[in-house]
Amino acid sequence: MKEKVIVAGVGMIPFTKPGASASYTEMGAEALRQALKDAGISYDLVQMAFAGYVYGDSTCGQSAIYQVGRTAIPIINVNNNCSTGSTALYLARAAVMNGEVDCALALGFEQMRPGALKSNWDDRPVPREPFLPILNELTADAGDLPGTLRTFGGAGREHMIRYGTKLETFAAIRAKASRHAVNNPLALFRKELTVEDVMNDQVMWPGVMTRLMACPPTCGAAAAIVCSEKFARRHGLRSDVAILAQALTTDPVESFEPPSMISYVGFQMAQAAAQKVYEQAGIGPQDIRAVELHDCFAHNELLTYEALGLCPIGGAEKFILDGDNTYGGRVVTNPSGGLLSKGHPLGATGLAQCYELTHQLRGSAGARQVEGLNIGLQHNLGLGGACVVTMFGRN
């Protein structure tokens, strides 16, 4: 019999620009301390830990967690590209749900360097190497732009060509993110922007993207304590937020055949994960009122609306222009301000999304609160590939 999994505590530190942060050990330890304090337990009650990061040596998880305690529990280090944090949460939830432990920790952190993402290795195959000809062929006119910009910009451009989506629509997503971030003290960028501000920013790819449409690399950490309902009762912990359903998917054949940039950026992964979650929970996209999704680029936010079933395929521009992606509309997307406003410390991002939705469901999100919220959906994407979709609910 599977255990109901409770989110007992969450912690998150403000994200900062590379070079301005503490070390990953300090950031990770602080996020963990916050999650323990929020849950109201001491570290010695945690029975298993999953520590997520992308850029670091082996056993960095131990180095961060040891700052808080050394209790001989299993600590598993996790790396699933940009979906690392939510993958750590997926594993922690599975350990509790399947009865292996009663209380588990998911921790994510990243100490990043400035500039575009890149591999630290030049003497071995890079991830997705067999499929890079698709990227190179479909974005051949992008010149020497960084690979992630070509990837997500190329997918956005494909949507523009297929459905007539305008560049200003991506700018509207970025402007919406800034309006939400104004009310989030943990967001890195809190200045409200207009569509014109975004359109008039530095052009990265003519007709496809300006600089403000891309999230910045940042450093940070976030954590979650998950436990069984019986553990929560035994220790007098709050149990008002639960993980109702969760799925982790990887690339199907359709990600690369036939060649398409929309497919290449994980559309089918997200679509499949969302469908599994809806089926598990018995709750459909029409019931979702708030979602934290992976807006590494404004282009990916637009595509994800369609992948999650929040609007019809090809209907994202209307969804945005009708105001259905913000307060007063159908689904408040990224009430935190998203990656576009908070930044994207890879290992921490998924758990930062968990932090936001947990507070939204508790009713403790302050000025950015989505009123009357009972269900929250999370989407965290990593190319290479892995996509985690999680549904949280009031218990």
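Modeller: Let's start with Asp141, which counts as exposed at 52% relative accessibility, because exposed means over 50% relative accessible area, buried under 20% and partly exposed in between (1.4 Å probe, protein chains only). Keep in mind that this is a predicted model, where local features need pLDDT of at least 70, side-chain atom pairs count only at pLDDT 80 or more, and totals for chains, interfaces and linings use all residues. Residues are numbered from 1 along each chain as its sequence is written, and side-chain values use heavy atoms, with hydrogens and water left out.

Biologist: What makes the contact between Asp141 and Arg157 a salt bridge?

Modeller: A salt bridge needs a side-chain nitrogen of Lys or Arg within 4 Å of a carboxyl oxygen of Asp or Glu. Asp141 and Arg157 sit at 2.6 Å, N to O, so the pair qualifies. It links distant parts of the chain, 16 residues apart: Asp141 is in the loop between helix 4 (132-138) and helix 5 (147-163), and Arg157 is in helix 5.

Biologist: Why is Arg157 called buried?

Modeller: Its relative accessibility is 19%, so Arg157 falls under the 20% limit.

Biologist: How do you know that Arg33 and Glu30 make a salt bridge?

Modeller: Their N to O distance is 3.9 Å, so it's within the 4 Å limit.

Biologist: And why is Arg33 called partly exposed?

Modeller: Arg33 has 39% relative accessibility, so it lands between 20% and 50%. Glu30, at 33%, is partly exposed too.

How values were computed. Helix = DSSP H or I, 4+ residues; strand = E, 2+ residues; numbered from the N terminus.
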